[in-house]
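Please look through the structure shown below with this briefing beside you.

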Amino acid sequence: VEDSLCVRRIRDDELASLLELHTHLNPVDDPLPGKEQLEQTWKEIQSDPRLRCFVAVQGGRIVGSCMLIIIPNLTRGARPYGLIENVVTHREYRRRGVGTRLMQHALQVAWDQKCYKVMLLTSSPQEGVLDFYEKVGFVQGVKTGLVAYPKGAV
Ligand SMILES: CC(C)(COP(=O)(O)OP(=O)(O)OC[C@H]1O[C@@H](n2cnc3c(N)ncnc32)[C@H](O)[C@@H]1OP(=O)(O)O)[C@@H](O)C(=O)NCCC(=O)NCCS
């Protein structure tokens with residue numbers, strides 16, 4: 001069906017759509033660098049086998065995205081662990097299961113890659129975000145998340 005939702009890896013030629021979607025993630029964000037540096041970073045991301053950017057596509061439009069990072073590891077039987085970042089659904093497509101499908105897909109890839117855990121941090125003030133993550137299997141309270149920032153940053 002043309003209109004059905006699918007989740008897949010992002011293609012190299014979809015950077016502009018992803019950047020547009022990122023404006024739905026944070027109302028304010030730091031300015032992006034110039035085209036050349038941006039494309040260099042995109043190339044780096046797309047050529048790194050440990051980085052997977054997934055998109056949810058509906059009716060030919062990218063309506064959601066998230067990034068899964070899989071980190072090789074020498075403990076836990078040398079099983080890797082995963083990190084999920086930049087989870088976003090287009091404003092007009094929220095509360096329709098898009099985010100859930102994205103997270104289920106990313107987690108399945110992580111388990112297929114034998115990850116022993118997947119981590120995620122959120123400071124989203126949006127109501128329902130913690131429910132959203134708990135519904136797809138993340139648990140609060142088993143670990144404490146800490147973050148360091150470079151001097152001068154908020
Ligand atoms: C958080 C976000 C990714 C959720 O995406 P989504 O596609 O709307 O999520 P789903 O439709 O799969 O929601 C699944 C469940 O999560 C909960 N949920 C999601 N958004 C919610 C909201 N705004 N209020 C209350 N519950 C919410 C509900 O339980 C929902 O199930 P229901 O619709 O049957 O009640 C989306 O709201 C978003 O992009 N927010 C802005 C960016 C952001 O905060 N990202 C997270 C950064 S860590």
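**Strands and their pairing**

Strand 3 and strand 4 run antiparallel and are joined by seven bridges, where strands (E, at least two residues) and helices (H or I, at least four) are DSSP runs numbered from the N terminus, and two strands count as paired if DSSP finds at least two bridges between them. This is a predicted model, in which local features need pLDDT of at least 70 and side-chain atom pairs count only at pLDDT 80 or more, while totals for chains, interfaces and linings use all residues. Residues are numbered from 1 along each chain as its sequence is written, and side-chain values use heavy atoms, with hydrogens and water left out.

- Met67 has Glu85 in strand 4 as its bridge partner.
- Strand 4 also pairs with strand 5, in the parallel sense and over two bridges, and here Leu83 has Met119 in strand 5 as its bridge partner.
- Between strand 4 and strand 5 the chain passes through helix 3, in a β-α-β crossover that is right-handed, meaning that, with the strands pointing away from the viewer, the path from the first strand over the helix to the second runs clockwise.

**Helix 3**

- Helix 3 covers residues 98-112, and its 15 residues reach 21 Å from first C-alpha to last, close to the 21 Å expected at 1.5 Å a residue, the expected span being 1.5 Å times one less than the number of residues.
- Its buried residues (under 20% relative accessible area, with exposed over 50% and partly exposed in between, for a 1.4 Å probe and protein chains only) are Val98, Gly99, Leu102, Met103, Ala106, Leu107, Val109 and Ala110.
- These residues lie on the same side of helix 3, because they cover an arc of only 160° around the axis, taken from the directions from the helix axis to the C-beta atoms.
- Gly99, with a relative accessible area of 8%, touches Thr89 and Phe132, not counting residues up to four places away in sequence, where contact means heavy atoms within 4.5 Å.
- Just after helix 3, Lys114 takes a positive phi of about 70°.

**Nonpolar cores**

- The largest nonpolar core has 25 residues, of which Phe54, Ile84 and Phe138 touch the most other members; such a core is a set of buried Ala, Val, Leu, Ile, Met, Phe, Trp, Tyr and Cys residues joined through side-chain atoms within 4.5 Å.
- Helix 3 gives the largest share of this core, seven residues.
- A second, separate core of 14 residues includes Leu21, Trp42, Ile69 and Val88.
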